[in-house]
Amino acid sequence: MPTRRVLEFRLAHAVARDAVHDPLDVDALVADLDRRGISAGPDRGKAPASGSTSATDESSNGRSLGSAIVVTSQAASRAEYLRRPDLGRLPADLSAVAPSSPADVGFVLADGLSARALQTHGPALLAALIQALPTTMTLAPPVIATQARVGLGDHIGEALGVQTVLVLIGERPGLSVADSLGIYLTHRPRPGRADSDRNCVSNIHAPGGLPYEVAARVVSGLIAGARQLGRSGVDLKDTSREVELATPDTALS
Amino acid sequence: MTRYGQTVRGVTYQFDGLVDLMAKATPARSGDELAGCAATSDAERVAAQLTLADVPLQQFLDEPLVPYETDEVTRLIFDSHDRAAFQPVASLTVGAFRDWLLDLVPRADSGAVLTALAPGLTPEMVAAVSKLMRNQDLIAVARATRVTSAFRSTIGLPGRLATRLQPNHPTDDRRGIAAATLDGLLLGCGDAVIGVNPAGDSPQTCADLLHLIDEIRSTYEIPTQSCVLTHVSTTIGLIEAGVPVDLVFQSVAGTQAANQGFGVTLSMLREGYEAGLSLGRGTVGQNVMYMETGQGSALSADAHRGVGGRPVDQQTLEARAYAVCREFKPLLVNTVVGFIGPEYLYDGKQIVRAGLEDHFCGKLLGLPMGVDVCYTNHAEADQDDMDNLLTLLGVAGCSFVIAVPGADDVMLGYQSTSFHDALFVRQALGLRPAPEFEAWLEGLGMMDGGGRVLPVEPSASALRSLTGVASR
């Protein structure tokens with residue numbers, strides 16, 4: 001292989017590996033959520049779950065979810081997280097997660113295998129989700145989770161007392177994309193839910209992946225379907241995307 | 001259940017039955033730690049190996065690791081065991097069996113002896129002896145085995161290394177798949193199979209891809225076989241619908257419960273095997289199955305428990321998957337060694353060890369073993385580790401490896417070996433493609449008599465119209 005190609009490959013692998021090991025900058029993520037008016041900073045005090053205290057930022061439809069809560073899994077380090085997926089599904093301490101008032105939808109912002117994906121795309125995707133959901137739905141404060149696997153959302157969702165929990169989580173980095181997010185939807189979350197109880201929308205990133213707004217519309221439709229069906233998982237089908245993907249692809253011709 | 005014990009330098013270690021002993025004797029790996037069955041110290045591991053060395057091979061016929069009553073893989077292993085073939089080693093312990101194998105290697109008739117022995121060995125015996133072996137032992141014995149299989153090309157002849165051309169595409173785009181196929185053929189790859197993992201799993205997608213590859217293969221009279229790696233039940237439906245199916249694919253594992261997780265039973269596999277055979281599409285042989293395995297698949301399906309509910313180590317369960325494969329006389333068995341992730345094989349050292357173990361165990365059981373030398377980006381491994389394992393497997397006489405453009409599978413999101421890597425190992429070790437495929441490459445002026453791939457001017461290539469096939 002020519003030197004240039006070998007080094008390009010090595011660079012792509014290095015970026016993907018760094019994405020696995022880079023820790024989540026929780027303070028920066030909270031600041032980003034505050035700036036977008038999604039969460040309330042400490043100086044703004046507690047905002048009502050679906051109030052209208054932050055009218056300045058159109059990106060979250062003017063809806064603040066209240067102060068972000070930070071939790072971590074029982075995996076104490078990245079090395080342990082990679083070896084022990086079971087610990088990544090268990091919360092270290094959920095005392096900060098208290099159901100102030102029962103809400104329809106809760107959001108878990110999880111680092112998963114790419115904290116960079118959450119850092120880069122998480123706030124904008126959450127803003128798009130808030131915008132896409134009906135204003136009649138009540139929304140719980142966002143929970144930021146580190147060293148987290150998807151199953152951690154079952155514990156958080158139950159503690160929040162939400163009907164549906166959405167886990168926005170960094171996906172396993174590939175060589176071409178190291179910062180892709182997935183959303184896992186679980187209706188009536190509780191510990192012990194199986195993967196077949198969830199619905200997943202994956203490959204969310206810009207540019208080249210599923211756009212935030214499209215992902216948000218798909219998830220909004222899935223939530224409505226789950227509420228009607230009374231469950232999520234294999235019986236719940238996404239019927240919105242055929243239309244979205246039907247646009248002719250002329251990029252390759 | 002037999003209890004085993006060993007006192008090493010004043011410390012006594014107890015092992016609760018063969019399941020516990022086998023797990024504790026296994027070279028360290030993250031999957032066994034995750035399952036909670038690994039040795040808790042290096043000394044305990046060696047104490048287990050010392051104990052295992054003294055266990056008679058016969059014990060594996062008396063003490064099943066996974067219950068016979070509840071597991072059809074165990075029933076297959078016991079019911080198909082050939083006592084006459086077992087006789088030459090029937091009186092040996094596991095440790096003495098290792099010595100016997102290594103003594104056999106230099107003999108001129110070692111290949112024939114090992115071929116005759118294979119039906120007398122169970123996966124558990126083979127896994128047990130592998131746990132006592134160094135990497136060089138795994139290589140030396142595997143190299144002495146002779147396992148060949150055939151369809152339109154012959155796999156496993158001495159001095160040959162075949163490749164699966166893996167032209168996967170994230171959206172199953174016909175032009176993308178055809179371009180990757182052309183790339184691989186020009187670099188001398190594809191003699192084991194041209195095999196696509198479909199991104200979409202609908203029968204129509206699979207049928208479209210099979211028609212595409214079959215058209216390429218028949219247009220250029222390529223002595224190889226095609227495969228779309230979809231569920232066996234889908235392939236049975238495609239055969240009934242008259243789609244040109246060469247090989248019937250299925251992933252399999254070492255317990256009945258893990259196979260249920262894949263949605264298969266032995267009877268379903270038999271149905272697929274017979275459907276494939278009924279087509280009679282092979283020219284130099286009728287091995288119609290392509291099967292894939294990998295350490296950790298049973299644990300990831302929570303289907304890894306044996307006698308007494310104890311977790312069985314992942315390497316023993318992997319060897320049991322080979323009993324499933326053996327039943328259906330496959331053309332190709334591929335252990336996808338580093339694919340599942342670091343919770344099963346943590347780093348390059350563990351991936352290299354597992355690759356050599358899987359290849360050894362499969363070959364000793366009489367299977368045409370290939371290895372997907374691969375890793376994911378969250379494992380502690382890189383392309384250097386793949387170079388090491390690829391070279392070791394080349395020396396060990398591996399039947400085939402995977403070849404994917406640029407070593408990066410853009411659909412499955414992991415790194416394997418590239419067309420160029422296959423050329424490297426063939427060149428470095430003097431290995432050649434399958435004979436039928438080699439003759440085809442030479443006939444088109446794509447390879448010289450010494451096995452070197454020749455530069456091709458794209459506009460003058462005999463394959464230049466290949467991408468036109470895809471846009472039709």
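# Briefing: spaces, helix packing and backbone

About 90 Å³ of space lies in the largest cavity of this structure, which is a predicted model. The structure holds 1 cavity of 30 Å³ or more. The second largest pocket has a volume of about 640 Å³.

**The largest cavity**

- The lining of the largest cavity is made up of 18 residues.
- Nearest the centre of this cavity lie Gly296(B), Ser297(B), Ala298(B), Gln314(B) and Leu317(B).
- Three helices of chain B, namely α2 (30-35), α16 (297-300) and α17 (314-326), each supply at least two residues of the lining.
- Helix α17(B) gives the most to the lining of the largest cavity, with 4 residues.
- By class, the lining of the largest cavity has 7 nonpolar, 8 polar and 3 charged residues.

**The second largest pocket**

- There are 21 residues lining the second largest pocket, and the closest to its centre are Met1(A), Val6(A), Phe9(A), Gln383(B) and Asp421(B).
- Helix α1 (3-21) of chain A supplies at least two residues of this lining, as do α19 (383-396) and α20 (419-429) of chain B.
- With 7 residues, α1(A) gives the most to the lining of the second largest pocket.
- The lining of the second largest pocket divides into 8 nonpolar, 5 polar and 8 charged residues.

**Helix packing in chain A**

- Two packed helices are described by the angle between their axes and the distance between the axes.
- Helix α2 (residues 26-35) of chain A and helix α5 (residues 115-132) of chain A cross at roughly 25 degrees, and their axes come within 10 Å.
- Angles under 35 degrees count as roughly parallel, so α2(A) is roughly parallel to α5(A).
- The crossing of α2(A) and α5(A) is right-handed.
- From α2(A), the residues Ala28(A), Leu29(A), Asp32(A) and Leu33(A) meet Leu118(A), Gln119(A), Pro123(A) and Leu126(A) of α5(A).
- The contact of α2(A) with α5(A) has 6 nonpolar residues, 1 polar and 1 charged.

**Helix packing in chain B**

- Helix α1 (residues 17-24) of chain B packs against helix α3 (residues 42-53) of chain B at an angle of about 125 degrees, and the axes are 8 Å apart.
- The two helices α1(B) and α3(B) are therefore oblique to each other.
- Helix α1(B) passes α3(B) in a left-handed crossing.
- On the α1(B) side the residues in contact are Leu21(B), Met22(B) and Lys24(B), and on the α3(B) side they are Glu44(B), Arg45(B), Ala48(B), Thr51(B) and Leu52(B).
- The residues of the contact of α1(B) with α3(B) divide into 4 nonpolar, 1 polar and 3 charged.

**Backbone details in chain A**

- Most residues other than glycine have a negative phi, and most peptide bonds are trans.
- Phi of Asn203(A), a residue other than glycine, is positive, near 65 degrees.
- Asn203(A) is found in strand β6 of chain A.
- The peptide bond from Ala206(A) to Pro207(A) is cis, and its omega is near -10 degrees.
- Pro207(A) is placed in the loop between β6 (198-204) and α7 (212-229) of chain A.

Note on methods
Residues are numbered from 1 along each chain as its sequence is written. Chains are lettered from A and ligands numbered from 1 in the order in which they are written. This is a predicted model: local features need pLDDT of at least 70, side-chain atom pairs count only at pLDDT 80 or more; totals for chains, interfaces and linings use all residues. Side-chain values use heavy atoms; hydrogens and water are left out. Axes are lines fitted to C-alpha atoms, for helices over the stretch in contact, and angles run from 0 to 180 degrees between N-to-C directions. Angles under 35 degrees count as roughly parallel, over 145 as roughly antiparallel, 65 to 115 as roughly perpendicular and the rest as oblique. A crossing is left-handed if the near helix is turned anticlockwise from the far one by less than a right angle, and right-handed if clockwise. Contact means heavy atoms within 4.5 Å. Ala, Val, Leu, Ile, Met, Phe, Trp, Tyr, Cys and Pro count as nonpolar, Asp, Glu, Lys and Arg as charged, and the others, Gly among them, as polar. On a 1 Å grid over the protein atoms alone, a cavity is a set of points where a 1.4 Å probe fits but cannot get out, and a pocket is an open set with protein on both sides within 12 Å along at least five of seven lines; lining residues have an atom within 4 Å of a point. Grid points are joined across faces, edges and corners, and a volume is the space filled by probe spheres set on the points.
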